[in-house]
Amino acid sequence: MTTGSEPKVTLYTYFRSSCSARLRIALALKSIPYISIPINLLKNEQSSTQNTAVNPSATVPTLVIEYPSQPSIIITQSLAALEYLDEAFPSRSSLLPPVSEPAQRALVRTLASIIACDVQPVTNLRILQRVAPFGVDRAAWSKDLIEAGFAAYETIAKESAGKFSVGDIITLADVCLVPAVWGAERVGVDLGEYPTIKRVAEALEREKVVKEGHWRTQLDTPEEFRV
């Protein structure tokens, strides 16, 4: 950390946003308390002045870190925010292997990027809304591309996985994977086709930090979806 004082942490989030879930899980893993500000994507609140004032991309999540007597740190991309948390809070459950293991760190980042670059964009509401006018079945289109990304993840992770995606410690890859699995299940992806992903996701679901970040347990989760 850059200061001896605990910062005020605020997360602009949406209960079903997989990118938001990554940060909720990571904050829980690092035992960092935060204030949650729900942004309802279905009501277009991401385009409100409240949200765009901190996130000009009109998206979620946004991570705001406020240290005493310092300018606020505002991070509007989830992977950048995750790496910031790892660097600013290095003593709290690192999301990456040690610096002395650059190959393992690259492996974790590769898996995280498969989810962030190949899988998540095709589940994004903004993207799905834009493909709808072309007459495609949004769920089927999304499902096909998720499956392609999961196939790549599976091929790599079956060689690296222990309890989790890379060994037996929760990493950046895992905090990206499990929210992607939730999205995949909603469009009918058969996880049985990806046994490593299925096994790792089931192990993650049993972890307290994942339960805390789960889309069914958030302040803005509608009552009918709550656990």
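Is serine 69 buried or exposed in this predicted model? Serine 69 counts as exposed, because its relative accessibility is 81%, and the views below start from there.

**View 1. Serine 69, a positive phi in a loop.** Here we zoom in on the loop between S3 and strand S4 (73-75), where serine 69 has its place. Look at the backbone of serine 69: phi is near 60°, a positive value in a residue other than glycine. At 81%, the relative accessibility of serine 69 is over the 50% cut-off, so the residue is classed as exposed.

**View 2. Alanine 58, a positive phi at a buried position.** Alanine 58 is not a glycine either, yet its phi is positive, at about 55°. The residue belongs to the loop between H2 and S3. Alanine 58 counts as buried because its relative accessibility is 19%, and the cut-off for that class is under 20%.

View 3. Follow the chain to the step from valine 60 to proline 61, and you will find a cis peptide bond with omega near 0°. Proline 61 sits in the loop that runs between helix H2 (49-52) and strand S3 (62-66).

View 4. Domain 1 brings 16 residues to the contact and domain 2 brings 17. Interface size is often expressed as the accessible area lost when the parts come together. For domain 1 and domain 2, the buried area is about 1500 Å², with 69% of it on carbon and sulfur atoms.

**View 5. The salt bridge across the interface, and the side of domain 1 around it.** How many salt bridges does the rule find across the interface of domain 1 and domain 2? The count is 1. Glutamate 83 pairs with arginine 109 in a salt bridge, and their closest N and O atoms are 3.1 Å apart. Between the two domains, 2 residue pairs are in polar contact. On the side of domain 1 that touches domain 2, the elements giving two or more residues are helix H1 (18-29) and helix H3 (78-88). H1 gives the most to this side, with 7 residues. By type, the residues on this side of domain 1 divide into 10 nonpolar, 3 polar and 3 charged.

Conventions: Residues are numbered from 1 along each chain as its sequence is written. This is a predicted model: local features need pLDDT of at least 70, side-chain atom pairs count only at pLDDT 80 or more; totals for chains, interfaces and linings use all residues. Side-chain values use heavy atoms; hydrogens and water are left out. Contact means heavy atoms within 4.5 Å. Buried area is the accessible area (1.4 Å probe) that two parts lose on being put together, summed over both. A salt bridge is a side-chain nitrogen of Lys or Arg within 4 Å of a carboxyl oxygen of Asp or Glu. A polar contact is a pair of N or O atoms within 3.5 Å; within protein, one must be able to donate a hydrogen and the other to accept it, and residues adjacent in sequence count only if both atoms are side-chain atoms. Helices (H or I, at least four residues) and strands (E, at least two) are DSSP runs, numbered from the N terminus. Ala, Val, Leu, Ile, Met, Phe, Trp, Tyr, Cys and Pro count as nonpolar, Asp, Glu, Lys and Arg as charged, and the others, Gly among them, as polar. Buried means under 20% relative accessible area, exposed over 50%, partly exposed in between (1.4 Å probe, protein chains only).
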